[in-house]
Amino acid sequence: MIHYLAFISGFIADFFIRDFHELPHIVRFIGSSISVLEKFFRKKFKSKSGLLFAGFLIVLFNILFWGYLAYFIDIVIYRINFYLGFVLECFLFFQIFAKASLRYESMKVYHAIRSGNIDESRKFLSMIVGRDTDCLDFEQITKAVIETVAENMSDGIVAPWFYATLGAVIAICSDMKFSWLIFVLPIVYKAVNTMDSMIGYKDEKYFYIGKTAAKLDDVVNFLPARFSAFILLIVIFFVSLVKNNTQMFRNSVHAFFKYRYIHSSPNAGQTESVIAGFFNTKLLGDAYYFGKLVKKRSIGDGNEHVSADDIVILNNITYLSYLVLLIINLIIGGIVCFIL
């Protein structure tokens, strides 16, 4: 039960507090281990098949290392000092969620747009997207922020929540014998997701060494991405009732079923399609990456222009989604208390 309480505490903390770059962060440590292994294996393997094998080894090592480290924290440190274990677990749970940080970074772009500073808008946007931002206008910048917040709702919020909650369900079914899964599963997920963000590209440099990470990330995000879209649709349904505008909900549902597989990723389009329908606009489309034009189909049927205020609206939508997830957690927590 204490592991579940640490999970809820970290989850709630992320609702209010963003990550601070001055503090050590588990994702940076994961990133460092990926970089070290990539450099090491690139020296050992040069062929295409060798790089594929190297990518497999990078994934295997990181899953085993970070999974075991999470297990060590969850079991051994609690035995050394109960309070130290609880505080450390809360802190790490707080770090694996990204809602407050995502809102903070997206709002930096929002304020730059509202002040009319195109250079600052592009600069702040470049910190949260992978595309080239130098030639984007204000509306393109706004759409890029909307796409990023929508996509990262799954990667940065729902997916780690999903695996922590899955661990809790397994723990309940096993009479709490596997309660350590509440912490280990989201840490392993974070390792997989970080590997994909660092080496899971389809360009010449990473195509082979990053293939395993990219495919595994697609697998582990399959259910969370669809659950994220489901949660968004629930929130949008109630928002449409409050605003007496059920058309925005119908648009969201229509765009979801029509465009959720347009994205090159089988998962990213799930939430982006819902949001494209909600704002009655088109997202995605062609974009430049490292100076090269990448052709992409658009998501959405609408022709509405987006404004900077839509960034605020979307952040509010994701915060409401956060509350829905928390309610689910509290229900599960009540079941745990009842069983115990």
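Biologist: Hi! Which residues touch the most other members of the largest nonpolar core?

Modeller: Phe-7, Phe-93 and Leu-125 do, out of 99 residues in that core. Helix 7 gives the most to this core, with 17 residues. A nonpolar core here is a set of buried Ala, Val, Leu, Ile, Met, Phe, Trp, Tyr and Cys residues joined through side-chain atoms within 4.5 Å. Buried means under 20% relative accessible area, exposed over 50%, and partly exposed in between (1.4 Å probe, protein chains only). Helices (H or I, at least four residues) and strands (E, at least two) are DSSP runs, numbered from the N terminus.

Biologist: What sort of model is this?

Modeller: This is a predicted model, where local features need pLDDT of at least 70, side-chain atom pairs count only at pLDDT 80 or more, and totals for chains, interfaces and linings use all residues. Residues are numbered from 1 along each chain as its sequence is written, and side-chain values use heavy atoms, with hydrogens and water left out.

Biologist: Back to Leu-125, what does it touch?

Modeller: Not counting residues up to four places away in sequence, Leu-125 touches Val-109, Thr-133, Leu-136, Ile-141, Ala-144 and Val-145. Contact means heavy atoms within 4.5 Å.

Biologist: And Val-109, is that buried or exposed?

Modeller: Val-109 is buried, at a relative accessible area of 0%. You'll find Val-109 in helix 5 (residues 99–114). Beyond its neighbours within four places in sequence, its contacts include Ser-121, Phe-124 and Ile-128. Ser-121 is 12 residues from Val-109 in sequence, with their C-alpha atoms 5.1 Å apart.

Biologist: New topic: which residues lie nearest the centre of the second largest pocket?

Modeller: Those are Arg-131, Leu-136, Gln-140, Asp-286 and Ala-287, from a lining of 17 residues. By class, the lining has 6 nonpolar, 3 polar and 8 charged residues. Ala, Val, Leu, Ile, Met, Phe, Trp, Tyr, Cys and Pro count as nonpolar, Asp, Glu, Lys and Arg as charged, and the others, Gly among them, as polar.

Biologist: How do you define a pocket?

Modeller: On a 1 Å grid over the protein atoms alone, a pocket is an open set of points where a 1.4 Å probe fits, with protein on both sides within 12 Å along at least five of seven lines; lining residues have an atom within 4 Å of a point.

Biologist: Last one: where is Asn-244?

Modeller: Asn-244 sits in the loop between helix 10 (222–242) and helix 11 (247–259). Asn-244 is exposed, with a relative accessible area of 71%, and has a positive phi of about 55° although it is not a glycine.
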